[in-house]
Amino acid sequence: MNKHELHGGARYLGGKVEKAIGDTVDSRDWQVSGVKDQVAGGAENLFGRAQSIADDVADATPGLIQEAREKAGDAAARAADVARRRAHEAQIAVRGGDERMLWAAIAALGGFALGWFASGRRG
């Protein structure tokens, strides 16, 4: 609770008392003055509450920012880990593909050589 909340609350309460006295003695001036103090006190109290809430938010913000940074860092680390695993899997697949291509090329050359020897046209 800050000074605006306290001062506004006290002014509002004083305005209520002033209006009640005005009603009792049938004084229009006291009634109007009491209502004016009630409205002004309520506004100041509301301003003080808004200030307190803003202060609470400002106090909580650094923690929220840090938490967001940590979550973003964790997500980035997980994404990097997945990327590394996928790159490793791709590397293994490419190596396996190279071996298959090598065996296919050897089989093709073997088939060509066999056909060349079988055809009898060597020169």
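How many salt bridges does a search of the whole structure find? The search finds four. This tour visits some of them. Keep in mind that the model is predicted.

**Stop 1: helix H1**

Select residues 3–25 to see helix H1. Now pick out Asp23 and Lys19. Their side chains meet in a salt bridge, with 3.0 Å from N to O. Why can they pair up along one helix? Asp23 and Lys19 are four residues apart in H1, so about one helical turn separates them. Check the surface next. Asp23 is partly exposed, at 39% relative accessible area. Lys19 is partly exposed too, at 28%.

**Stop 2: helix H2, Lys71 and Glu67**

Move to helix H2, residues 28–119. Select Lys71 and Glu67. These two form a salt bridge, and their closest N and O atoms lie 3.4 Å apart. Lys71 and Glu67 are four residues apart in H2, which means a separation of about one helical turn. Is Lys71 buried or exposed? Lys71 counts as exposed, because its relative accessibility is 53% and the cut-off for exposed is over 50%. Glu67, at 38%, counts as partly exposed.

**Stop 3: helix H2, Arg85 and Asp81**

Stay in helix H2 and select Arg85 and Asp81. Another salt bridge joins their side chains, at 3.5 Å from N to O. Here again the two residues are four apart in the helix, so about one helical turn lies between Arg85 and Asp81. Arg85 has a relative accessible area of 44% and is partly exposed. Asp81 is partly exposed at 33%.

Definitions and conventions:
Residues numbered from 1 in each chain as written. Predicted model: local features only at pLDDT ≥ 70, side-chain atom pairs only at ≥ 80, totals over all residues. Heavy atoms only, no water. Buried < 20%, exposed > 50% of the residue type's maximum accessible area, 1.4 Å probe, protein only.
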